[in-house]
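I opened this model to look up a few residues and the overall fold. My notes follow the display.

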Amino acid sequence: ARPRAHFAPAFEGRSRLRHLAGGAAELDGSDAPSVRRDVDTPADLREAALLGVGPHTAKLLARAGW
């Protein structure tokens with residue numbers, strides 16, 4: 001969100017679509033290389049893991065047998 005803009009975070013389900021509908025700008029990764037994937041579902045998490053996740057997420061995924 002832009003400075004001083006109202007931002008209502010959304011979680012679960014179709015949060016990406018709710019963010020876009022609320023005026024959020026979608027990042028393509030060029031300005032924020034650590035932002036790779038919105039994760040709302042197990043399928044999203046699998047895709048994010050293939051792109052690469054941080055050490056804490058990687059540890060949890062390994063613990064869960066992913």
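Where is the place of D44? I find D44 in helix α2, residues 42-51; helices (H or I, at least four residues) and strands (E, at least two) are DSSP runs, numbered from the N terminus.

Conventions. I am working with a predicted model, in which local features need pLDDT of at least 70, side-chain atom pairs count only at pLDDT 80 or more, and totals for chains, interfaces and linings use all residues. Residues are numbered from 1 along each chain as its sequence is written, and side-chain values use heavy atoms, with hydrogens and water left out.

Entry on D44. Is D44 buried or exposed? I note D44 as buried because its relative accessibility is 14%; buried means under 20% relative accessible area, exposed over 50%, and partly exposed in between (1.4 Å probe, protein chains only). Leaving out residues up to four places away in sequence, I list R37, D38 and V39 as touched by D44, where contact means heavy atoms within 4.5 Å.

Entry on A10. I place A10 in the segment before α1, which spans 15-21. A10 has 13% relative accessibility and therefore counts as buried. Its contacts, not counting residues up to four places away in sequence, are S15, R18 and H19. I also looked up A10 against G22: they lie 12 residues apart along the chain, and their C-alpha atoms are separated by 9.8 Å.

Entry on G13. G13 is also in the segment before α1. I record G13 as partly exposed because its relative accessibility is 43%. How many residues apart in sequence are G13 and T41? They are 28 residues apart, with a C-alpha to C-alpha distance of 7.1 Å.

Entry on the whole protein. I count three helices and zero strands, and the order from the N terminus is α-α-α. Of the 66 residues, 11% are buried. Among contacts between residues at least 6 apart in sequence, 17% join residues at least 24 apart.

Entry on confidence. I read a mean pLDDT of 82 for the protein, with 89% of its residues at 70 or more; pLDDT is the predictor's confidence in each residue, from 0 to 100.
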